[in-house]
Amino acid sequence: DIKGLAELEKLAVLGHGNGGTVYKVRQRRSSSIYALKVLRFDHDAIGIWHQAGREAEILKRVDSQFVVRCHGVFDSGTDADSGELCFVMEYMEGGSLHDVLRLRRRLPESVISDVARRVLEGLKYLHGMKIVHRDIKPSNLLINGKGEVKIADFGVSQVVAGSLEAGDSYVGTSAYMSPERFDSEKWNGGPNDDGFAGDVWALGVTMLECYMGHFPLIAPGQKPDWATLMCAICFGEPPKLVETASPDFESFIQRCLEKDWRNRGTVLELLSHPFVTKRCTSAGGLFLG
Ligand code: ADP
Ligand code: MG
């Protein structure tokens, strides 16, 4: 485990996100390369502090080949007035699926099938640990040097019915959120979903985006404002795929994008869906270039 910033040398900035920056770093002793995510917050910014703490707790527990590994969490200790929480992570040199889509626009079904299988394996592991990711989308799926996709970014994740403190119910808004997240019933004490099905929905939207080359639930030119998105997610028909899409892919997407979460495909069902099982590419990777 890496225990402090002194062990690391910053090489480059890899990305920016909510309240933080991700750097490429080298461990001085071993010359190994890692990604370092630094979350900054003022001590009075309780919300971010809680969120960072939750992310740290989750990352420390998670150990799966389908989830980006964490090799240490520590306070940078560089500033007394504000905090800086550092996460040392496995370096994913292929960048995110979002980056890949920007370069290649569309991915073939064989690659999408492999990505879907890996994300489903990751979700099976996380859900087994009672962790709901809540932010599955292209920019949070990262690719390593072998072309393998893994789940990253537990910034808004939640442990359900676990020993950890319950998360807040407010997690902001995202174009990848499922219809049940808009459901007023649950705010009125009605039947509640546990959130697992929302990760499946987001996987479906993400895989469809890989196929179509743009966010699939609204037309490419359409303004993604709040009302438009909500209507599309809750009431819109899933987009028609071009006739080149295989029936297996269509059926897979349909099971992911079932509006009623009670009827939606589960992670286990989808792992044995023909779209995922039939076309195991032996290379099993997402190669760039
Ligand atoms: P945020 O919660 O702020 O979105 P992320 O964890 O998603 O933070 O990281 C932001 C971006 O930094 C990612 O979209 C990705 O481009 C890059 N990044 C994050 N983690 C890694 C990593 N382990 N290896 C390589 N790049 C990474
Ligand atoms: Mg992110």
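This is a predicted model: local features need pLDDT of at least 70, side-chain atom pairs count only at pLDDT 80 or more; totals for chains, interfaces and linings use all residues.
User: Which residue of strand 2 does Glu9 stand opposite?

Analyst: That one is Arg26.

User: And how many residues lie between the strands in the hairpin of strand 1 and strand 2?

Analyst: There are two residues between the strands, and in this hairpin Gly19 takes a positive phi near 70°.

User: Let's turn to Lys37. Where is Lys37 found, and what feature does UniProt place there?

Analyst: Lys37 is found in strand 3, which covers residues 33-42. The unreviewed UniProt entry places the feature "binding site" at Lys37.

User: Is Lys37 buried or exposed, and why?

Analyst: Here you count neighbours: a residue is called buried if 20 or more other C-beta atoms lie within 10 Å of its own. Lys37 has 24 other C-beta atoms within 10 Å, so Lys37 is buried.

User: Which residues is Lys37 in contact with, leaving aside neighbours within four places in sequence?

Analyst: Lys37 is in contact with Gly20, Val22, Phe87 and Met89.

User: What is the mean pLDDT of the protein?

Analyst: The mean is 86, and 85% of the residues reach 70 or more. Over residues 162-168, though, the pLDDT is below 50, and this stretch has five contacts in the model beyond near neighbours in sequence. As for the model's other scores, ipTM is 0.96 and pTM is 0.90.

Key
Residues are numbered from 1 along each chain as its sequence is written. Chains are lettered from A and ligands numbered from 1 in the order in which they are written. UniProt positions are given in the numbering used here, feature names are shortened, and annotations may be inferred rather than shown by experiment. Helices (H or I, at least four residues) and strands (E, at least two) are DSSP runs, numbered from the N terminus. A residue is buried if 20 or more other C-beta atoms lie within 10 Å of its own, exposed if 12 or fewer, and partly exposed in between; C-beta atoms are placed from the backbone. Two residues are in contact if their C-beta atoms, placed from the backbone, lie within 7 Å. pLDDT is the predictor's confidence in each residue, from 0 to 100. Two strands pair if DSSP finds at least two bridges between them.
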